[in-house]
Amino acid sequence: MANFTEDQLAQLKIAQQKRYLELQEEVRRELGHSNDPQYVIGSPSDIPDDIDTALVDRQIIEMRELEMSVKHLQELEFGDCIDCDNEIGFNRLLAYPSAQRCILCQERYERAYPHESTPSL
């Protein structure tokens, strides 16, 4: 685990919780903006046309990443890059609580896998 102070760990935990709640609200808002408030989604063909499924998909993926980050923080396995094992950095994690890579590895990842930045359902 990266070497964070107790204060930094507390700040990161708050940032994780805050971002998770923001994403929850964004998903609710997007799903709630449908013209048909009575819809129930059972399959992809049931999704109303006015829902931005790509946006909801990205939000849900980030929520899952945050859930893993919270788990790793609780298990004291938090803050190391999944590619190079170097410390991700406090400021990066504070700004992007679900970050799994340091900035250099993230840049390499985005160059190598540019199609993964456009999720699909």
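1. Arg19 and Glu22 both belong to helix H1 and sit three residues apart, about one turn of the helix, where helices (H or I, at least four residues) and strands (E, at least two) are DSSP runs numbered from the N terminus. The two side chains form a salt bridge whose closest N and O atoms are 3.3 Å apart; a salt bridge here is a side-chain nitrogen of Lys or Arg within 4 Å of a carboxyl oxygen of Asp or Glu.

2. Please keep in mind that this is a predicted model, in which local features need pLDDT of at least 70 and side-chain atom pairs count only at pLDDT 80 or more, while totals for chains, interfaces and linings use all residues. Residues are numbered from 1 along each chain as its sequence is written, and side-chain values use heavy atoms, with hydrogens and water left out.

3. Glu22 is partly exposed at 32% relative accessibility, and Glu26 is partly exposed at 24%; buried means under 20% relative accessible area, exposed over 50%, and partly exposed in between, with a 1.4 Å probe and protein chains only. Glu25 and Arg29 meet in a salt bridge as well (3.8 Å, N to O), and they are separated by about one helical turn because they lie four residues apart in helix H1. The structure holds five salt bridges.

4. As for the overall plan, the chain has four helices and zero strands, and buried residues make up 31% of its 121 residues. Among contacts with a separation of 6 or more, 56% join residues 24 or more positions apart, a contact being heavy atoms within 4.5 Å.

5. The largest nonpolar core has 13 residues, and Phe4, Leu12, Phe78, Cys81, Ile88 and Leu93 touch the most other members; such a core is a set of buried Ala, Val, Leu, Ile, Met, Phe, Trp, Tyr and Cys residues joined through side-chain atoms within 4.5 Å. Helix H1 (6–32) and H3 each supply at least two residues of this core. A second, separate core of six residues includes Leu23, Val27, Ile51 and Met63.

6. Two loop residues can be set side by side. Ser98, in the loop between H3 and helix H4 (103–112), is buried, with a relative accessible area of 1%, and, leaving aside neighbours within four places in sequence, Ser98 is in contact with Glu62, Glu65, Leu66 and Ser69. Asp85, in the loop between H2 and H3, counts as exposed at 59% relative accessibility. The phi of Asp85 is near 70°, a positive value in a residue other than glycine. Most residues other than glycine have a negative phi.
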